[in-house]
Amino acid sequence: MSRRVVRQSKFRHVFGQPVKADQMYEDIRVSKVTWDSSFCAVNPKFVAIIVESGGGGAFIVLPLSKTGRVDKNYPLVTGHTAPVLDIDWCPHNDNVIASASEDTTVMVWQVPDYVPVRNITDPVVTLEGHSKRVGIISWHPTARNVLLSAGCDNLVILWNVGTGEMLLALEDMHTDLIYNVGWNRNGSLLVTTCKDKKVRVIDPRKQQIVAKNFEEPIALQEMDTSNGVLLPFYDSDSSIVYLCGKGDSSIRYFEITDEAPYVHYLNTYSSKEPQRGMGFMPKRGLDVSKCEIARFFKLHERKCEPIVMTVPRKSDLFQDDLYPDTPGPEPALEADEWLSGKDAEPILISLRDGYVPVKNRELKVVKKNILDNKPPPGPRRSQSTCDSDFSQSALEEVLEQIRVLKETVQAQEKRISDLENKLCQFTNGTD
């Protein structure tokens, strides 16, 4: 009698489980804007969620420990003049986040470790280069301060956030709306999906498409008939791809291998409520003591619900086979090195003793002297008498005064926040 052979895999029994109610983030007005991004970005310190906002675009940033009901007056990150469409945490600085908006700009923000007293309204840098709304942003995986943006002008731009300047503009490569963009592991290539139903692999520094017409897929997985957009999340450490359908209520996950049939269905996490968006925690933010291999942050209409994916193990010891060394927070290259043609694999860290996030590191933007640059193409702006009379030294003096004032305000905000926390402790003690 023939016996069915069951494929061996340490991930066969991975299961998903939502956290308890008091570990969710409640009373968040998740954005209702029609766009196919994830609306949520997480790292080992914070969860950020695009929210409804009158008169512009905004997102909220919460420390991971700030669970429960969120106060309706909780400070937001505001500054865009139209809805925010995408957000992405910098992989090399857990306090820096980028946002893309319908207002055609990309903004980069420094988020303090303490809870600010009022809205954060001043980005570290504003990146302007798109002529239509910007719906996709993605940080380079290994090079410091390199950020990609893609807009509805079918244009992909690479920026050096550290100088606020455009590095590369990938023009005339896409004939229609760009749906998604992803980097390879060392950031030497990127891949895009487009409304014209083509997948393009691009070498951004050579500004060349190196592959486009994939004749036949090596594997084809039939999904259900849901018409929601699939948000894919790939964990290269475990070779598992998770597919979250926007508007769907399930997460399907598959293991990818080098041998046919290449894609192996593992399981489906199902729930009753549909998801409005989804955040995916980097591996260094997981609890290795509980054999957690993935954590999702599922957006509902008014809350964010973490979902933990676990491999059942009986031992309390560190599981080496589940946690190979994983990309850490240190960049492997500077932006100029990458632009000149250098490539480097991510700098890996061990999770054996868990991961402790580093303290807030300030993102410093050093803009190059605009007088050294050629004037931008287009009609020349007439120079007013104010421009000609305002010397470079006077400009630098004003900028320095603004910087000092900002530092003073931030210090006072932190002091107010500390005093408010002490007041809360006193009131809780008297209760």
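Helices (H or I, at least four residues) and strands (E, at least two) are DSSP runs, numbered from the N terminus.

This is a predicted model, in which local features need pLDDT of at least 70, side-chain atom pairs count only at pLDDT 80 or more, and totals for chains, interfaces and linings use all residues. Residues are numbered from 1 along each chain as its sequence is written, and side-chain values use heavy atoms, with hydrogens and water left out.

Over the chain, the mean pLDDT is 88, and 90% of the residues reach 70 or more. Two stretches stay under 50. For residues 1-5 the model has zero contacts beyond four places in sequence, a contact being heavy atoms within 4.5 Å. For residues 370-389 there are two such contacts. Where pLDDT is low, the predicted coordinates should not be read in detail.

Now the sheets. Strand β3 belongs to an open, antiparallel sheet of four strands, ordered β3-β4-β5-β7. Its edge strands are β3 and β7 (77-80), each pairing on one side only. Two strands pair if DSSP finds at least two bridges between them. Neighbouring strands here are turned by 20° against each other on average, direction ignored; the axes are lines fitted to C-alpha atoms, for helices over the stretch in contact, and angles run from 0 to 180 degrees between N-to-C directions. Inside the sheet, β4 (residues 46-51) and β5 (residues 57-63) run antiparallel and are joined by six bridges. Valine 51 has alanine 58 of β5 as its bridge partner.

The other sheet is also open and antiparallel, with four strands in the order β12-β13-β14-β15. Five bridges link β12 to β13 (residues 146-151), antiparallel; isoleucine 136 is bridged to alanine 150 in β13.

Last, how many cavities of 30 Å³ or more does a search of the whole structure find? One. A cavity is a set of points on a 1 Å grid over the protein atoms alone where a 1.4 Å probe fits but cannot get out, and lining residues have an atom within 4 Å of a point. The largest cavity holds about 100 Å³, a volume being the space filled by probe spheres set on the points, which are joined across faces, edges and corners. It is lined by 14 residues, with Val61, Tyr74, Val111, Pro116 and Ile120 nearest its centre. The lining has 13 nonpolar residues, no polar ones and one charged, where Ala, Val, Leu, Ile, Met, Phe, Trp, Tyr, Cys and Pro count as nonpolar, Asp, Glu, Lys and Arg as charged, and the others, Gly among them, as polar.

Terms used
On a 1 Å grid over the protein atoms alone, a cavity is a set of points where a 1.4 Å probe fits but cannot get out, and a pocket is an open set with protein on both sides within 12 Å along at least five of seven lines; lining residues have an atom within 4 Å of a point. pLDDT is the predictor's confidence in each residue, from 0 to 100.
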